[in-house]
Amino acid sequence: MHANPGTPSAPGHGTAEDPVLVRREGRAGHIVLNRPRALNSLTLDMVRRIDAALTAWEHDERVTTVVVSGAGGRGLCAGGDIRGIHDDAKYGDGSASRTFWREEYHLNARIARYPKPYVALMDGVVMGGGVGVSAHGSVRVVTERSKVAMPETGIGFVPDVGGTYLLSLAPGALGTYLALTAAPVGADDALLCGLADHRMDSSRLDAFVLSLAEMDAADAVRLHVTGTDSASADTEDQGLAAHREWIDSCFSADSVEEIVERLRAHGSPAAKEAAETVCAKSPTALKVTLAALRRARELGPLERVLDQEYRVSCAALSSHDLVEGVRAQIVDKDRKPQWSPARLEDVQQADVERHFAPLGAAELGLGAGLDGTESPW
């Protein structure tokens, strides 16, 4: 990555071992996710530290820009603490996970509404919760090293942190493709899908960050950006743009079963490969994900979608597939999850619908009072 974490200063005095380093350099407030051995995966403590920094800087006239980055050189953030959620779902009562998601989703919404430029350096791995602390920002920078994904269906979960909101806004059926396949994308495809705003060579990140101490974010972007929101000519033939025909025609279907059928019937080898990728995911998670994406399009602002995602996430805590998916991918690492039900056709509509059931007094409540027309974008 670009930065030496340096010595944190107010707010958030701490040591280099702190999971979030907070400091001010000139006009820029810096938030550095600092769990490099865990690829900066988010914990509840980290969410709270980030929120506290945003609170301190919101009305601090000395800070004109907030910059979020990751320590360790491998990525911004690989997501939430999935192993902790697994243990809470398997051995606990789910309350720790519900608390984490509640505060994390509130943070995602706050980032989207933050009144000052929020610059996210999406260098390296940016997945799941990492997308939540970056892709809702106002200035989202990817590099040639970026690897952006919402990989939840592979662990029996559903895209959250506003992921279904972001993916529902992607052109054509690209968002559905990314959600169901859990495929990672590079810089150009992240730009194409609306998950980022600017491409910058990683070698320029240091200079870009230094410039933010002295100038407005918009001026710094103009000075350093090497690409904008169109795919570069030398990689376009390898990116999603070259596959839009089969992606849009197949992933626009009304059910996961029909999507798979269209993919297998299509002449493109890439489409057939996508079918096998989808079929390796949790059948229940696939069906809930597709329903969540389609409903997100009708919900309006991000906050209402986060309310829906909270219901879905809480319901997933009591599912077999979340515990089994994390076991297979993270705990035992045998990569052989035993999904239940194991086939798409055996997933009942009632089980999909239970993920969207109102939570009553336990609702997230971010969308309360919104008229449903305002958008953070």
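Which residues is Y177 in contact with, leaving aside its neighbours within four places in sequence? The views below are taken from a predicted model in which local features need pLDDT of at least 70, side-chain atom pairs count only at pLDDT 80 or more, and totals for chains, interfaces and linings use all residues. Residues are numbered from 1 along each chain as its sequence is written, and side-chain values use heavy atoms, with hydrogens and water left out.

**View 1. Surroundings of Y177 and the nonpolar cores.** Beyond its neighbours within four places in sequence, Y177 is in contact (heavy atoms within 4.5 Å) with A182, A183, L240, W246, I247, F251 and A274. Y177 is also one of the residues that touch the most other members of the largest nonpolar core, together with I31, L33, L54, F251 and L263. This core holds 88 residues; a nonpolar core is a set of buried Ala, Val, Leu, Ile, Met, Phe, Trp, Tyr and Cys residues joined through side-chain atoms within 4.5 Å. Buried denotes under 20% relative accessible area, exposed over 50%, and partly exposed the range in between, computed with a 1.4 Å probe on protein chains only. Helix α3 (residues 95-113) supplies the largest share of this core, seven residues. A second, separate core consists of 14 residues, among them A28, M200, L205 and V209.

View 2. Helices (H or I, at least four residues) and strands (E, at least two) are DSSP runs, numbered from the N terminus. In α6, eight of eight residues are buried, namely L174, G175, T176, Y177, L178, A179, L180 and T181. These buried residues pack against α5 (163-168), α7 (187-192), α10 (244-251), α11 (256-265), α12 and α13 (283-299). A182 follows α6 and has a positive phi, near 65°.

**View 3. Packing of α6 on α12.** Helix α6 (residues 174-181) and helix α12 (residues 269-279) pack at an angle of about 50°, with their axes 8 Å apart. Axes are lines fitted to C-alpha atoms, for helices over the stretch in contact, and angles run from 0 to 180 degrees between N-to-C directions. The angle makes α6 oblique to α12; angles under 35 degrees count as roughly parallel, over 145 as roughly antiparallel, 65 to 115 as roughly perpendicular and the rest as oblique. Y177, L180 and T181 of α6 meet A274, T277 and V278 of α12.

**View 4. Packing of α2 on α15.** The axes of helix α2 (residues 82-91) and helix α15 (residues 320-331) come within 9 Å and cross at roughly 140°. The two helices are therefore oblique to each other. I82, R83, I85, H86, A89 and K90 of α2 form the contact with L322, V323, V326, R327, I330 and V331 of α15.

**View 5. Backbone features in two loops.** In the loop between β2 (28-33) and α1 (44-58) lies L39, a residue other than glycine with a positive phi, near 50°. L39 is buried, at a relative accessible area of 17%. K333, in the loop between α15 and α16, likewise has a positive phi, near 60°. With 54% relative accessibility, K333 counts as exposed. P341 also lies in the loop between α15 and α16 (349-354), and the peptide bond from S340 to P341 is cis, with omega near 0°.
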